[in-house]
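User: I'm new to this one and would like a close look at a single part. Could you walk me through the helix by the ligand and what surrounds it?

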Amino acid sequence: MIRVSNLTKDYGSRRAISDLTFNIEKGEIVAFLGPNGAGKTTTMRILSGYMPPSQGIVEVNGFDIIEQSLEVRRLVGYLPETVPLYPDLSVFEYLKFMADLRKIKQAEDRVDEVIEMVRLGDRSNSYIGNLSKGMRQRVGLAQALLHKPEVLILDEPTIGLDPAQIIEVRNLIREVGREHTVLLSTHILPEAQQVCSRVLIINKGKIVAEDTTENLQNRLTGSVRFRIRLRGDASAAAQKIGQIHGVLHAQAADTDLVEFESAPGQDVRAEAARVIVQSGLDLLELQPASLSLEDIFLQLTQEEEPAPTPELGQPEPAPEMEA
Ligand SMILES: Nc1ncnc2c1ncn2[C@@H]1O[C@H](COP(=O)(O)OP(=O)(O)OP(=O)(O)O)[C@@H](O)[C@H]1O
């Protein structure tokens, strides 16, 4: 559905993305994951036909982004990071205005449809300025859906929302993802895990990994991590767990918390629980501990050992990530 080959974009002398190559198949929901400034917005603007690339080829359903940009725009719905909404218009008026701009036939019916799709039926006549941020984001999604695009490109759709709104918007994306091909950008790994089937990780303008979230975590760690909460001496417990065959590493992460890593394919959970109980400690909780995006980034950047490029300047320290 989307084919990207050797995509590069320069802003003057600054290279924002460099030689990106990836494909997205019809029906996939793919996360574009990366820290601030990685090049997500730049890539998404090019893919939606809003900005030309400096080099490289992008095709959407076989249409070239430069030669056939009208066809591409017809196929793609774009939700920018900041949606330009008009606070003095009602939800209906704004969407009708956008539908007219796009010359959509039977615009009023289509506006009613998209308002229902994003579950704003009861707010159709509310002024946009009076809506919550989560609702405004849904209005943005509605405008991206107006022309029945096959592909949705969503730039950080949950940024700035509160936890309840985040859940709502993620559910909505999952729902529209049943009928659309979706590329969404995020800098939050759990978001990618919960909503997407596949992840492209971008760092400093380059794709540094591409896989399912599950494979990515396993591939990067090659091991499995667990966390045990207990009542008693966590340091002594960590020492005992560290002696179990198949445990690579164990440490007391807090006074009541032990974290340990087991070798791939070795299920040491039962033995770890036994060791705790036999030591006279109370086992309160044993659960897998997933890697944070920060961990993954650190691993990727350390593995990659990025070479300084004149365009991007000297490598910077690893960015701060939200887990
Ligand atoms: N209009 C512009 N002019 C010059 N440089 C730009 C422009 N837009 C982006 N950049 C630079 O290009 C790089 C990539 O930015 P981009 O906005 O694509 O990243 P991003 O991953 O979307 O980050 P964020 O999550 O902060 O939006 C950054 O170094 C940024 O400073």
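Analyst: Start with how helix H1 sits: H1 lies across S1, S2 and strand S4 (55-60), and runs at about 120° to S1. Keep in mind that this is a predicted model.

Now for the sheet under discussion. Its 4 strands make an open sheet, ordered S2-S1-S4-S5, with antiparallel pairing. At the edges you'll find S2 and strand S5 (63-64), each of which pairs on one side only. In general, strands of a sheet pair through backbone hydrogen bonds, either parallel or antiparallel. Here, strand S1 (residues 2-11) joins S2 through 7 bridges in the antiparallel sense.

On to the ligand. There are 13 residues around it, and the ones that come nearest are Gly37, Gly39, Lys40, Thr41 and Thr42. Thr42 puts a polar side-chain atom 2.5 Å from an oxygen atom of the ligand. With Gly37 it's the backbone: an N or O atom there lies 2.7 Å from a ligand oxygen. Asn36 has a polar side-chain atom 3.3 Å from an oxygen atom of the ligand. On its own the ligand has 620 Å² of accessible area, and the protein covers 65% of that.

So which elements give two or more residues to the shell around the ligand? They are strand S2 (14-24) and helix H1 (40-47). H1 gives the most, with 3 residues. By type, the shell residues split into 4 nonpolar, 5 polar and 4 charged. That brings us back to H1, the helix lying across S1, S2 and S4.

Note on methods: Residues numbered from 1 in each chain as written. Predicted model: local features only at pLDDT ≥ 70, side-chain atom pairs only at ≥ 80, totals over all residues. Heavy atoms only, no water. Near = heavy atom within 4 Å. Polar contact = N/O pair within 3.5 Å; in protein donor to acceptor, adjacent residues only side chain to side chain. Areas by Shrake-Rupley, 256 points an atom, 1.4 Å probe, with all protein chains shown as cover. Nonpolar A, V, L, I, M, F, W, Y, C, P; charged D, E, K, R; others polar. Pairing = 2+ DSSP bridges. Contact = heavy atoms within 4.5 Å. Axes fitted to C-alpha atoms, helices over the stretch in contact; angles between N-to-C directions.
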